[in-house]
Amino acid sequence: QIFWECRQLEACETLPQGIPSDLMVAGDREGSGFKRWMQPIERSSNGVEIAPDRPLDSWDHVVEVYMRSQLTNGEDKFIALSGMAKKMQVVLKDEYLAGLWRRTLVDGMLWWTDDTDTPSRRYSPYRGPSWSWASIDGPIFHTTSSDLYGDFVEILEAAVQIHGKDPMGQV
């Protein structure tokens, strides 16, 4: 069964008009996960922006779920997540680089595979740089512990060349 959500509705194949709130997990009623970060940025009474705690956690979660899905066309990874990436870019006000974000590029590269159940591997043709999760097939996991080695890492340059017109599409 397929589930989907947008700002106005959370639905599934058996309940295409919407999932009743009494069937949803308590935390979802308040707008958790990726949907929570797509809400307009709030401002305090003195005009200061109130930023979400860590919107990248939601992005990482979406990527992890997508990578576990075992979809058939691996070349479509960037295309499939392009719409979400565009929305996230508005929230983060950051540059998208092959599935990662420029300001948090070191954290973004802290992903790993667990080959216990499903082996991951790189495929040809080229899908993305080796530092991007999109370069492989199989489940991935993120961590955010760059604080431990932040003084030892310096990104000198990072760039991707897009294939087509969509900056969040294939590279």
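Reader: Is K77 buried or exposed?

Author: Buried means under 20% relative accessible area, exposed over 50%, and partly exposed in between (1.4 Å probe, protein chains only). K77 has 6% relative accessibility, so K77 counts as buried. This is a predicted model: local features need pLDDT of at least 70, side-chain atom pairs count only at pLDDT 80 or more, and totals for chains, interfaces and linings use all residues. Residues are numbered from 1 along each chain as its sequence is written, and side-chain values use heavy atoms, with hydrogens and water left out.

Reader: Where does K77 lie, and which residues does K77 touch?

Author: Helices are DSSP runs (H or I, at least four residues), as are strands (E, at least two), numbered from the N terminus. K77 lies in helix 4. Contact means heavy atoms within 4.5 Å. Not counting residues up to four places away in sequence, K77 touches Y66, M67, R127, W133, A134, I136 and D137.

Reader: How many aromatic pairs does a search of the whole structure find?

Author: Rings of Phe, Tyr and Trp (its six-membered ring) pair if their centres lie within 6.5 Å; planes under 30 degrees apart count as stacked, over 60 as edge-to-face and the rest as tilted. The search finds five pairs. One of them joins F78 and W133: 5.9 Å centre to centre, 55° between the planes, tilted. F78 is in helix 4 and W133 in the loop between strand 8 and strand 9, 55 residues apart. Both F78 and W133 are buried.

Reader: Why is the pair of W112 and F141 tilted?

Author: The ring centres of W112 and F141 are 5.8 Å apart and their planes are at 35°, so the pair is tilted.
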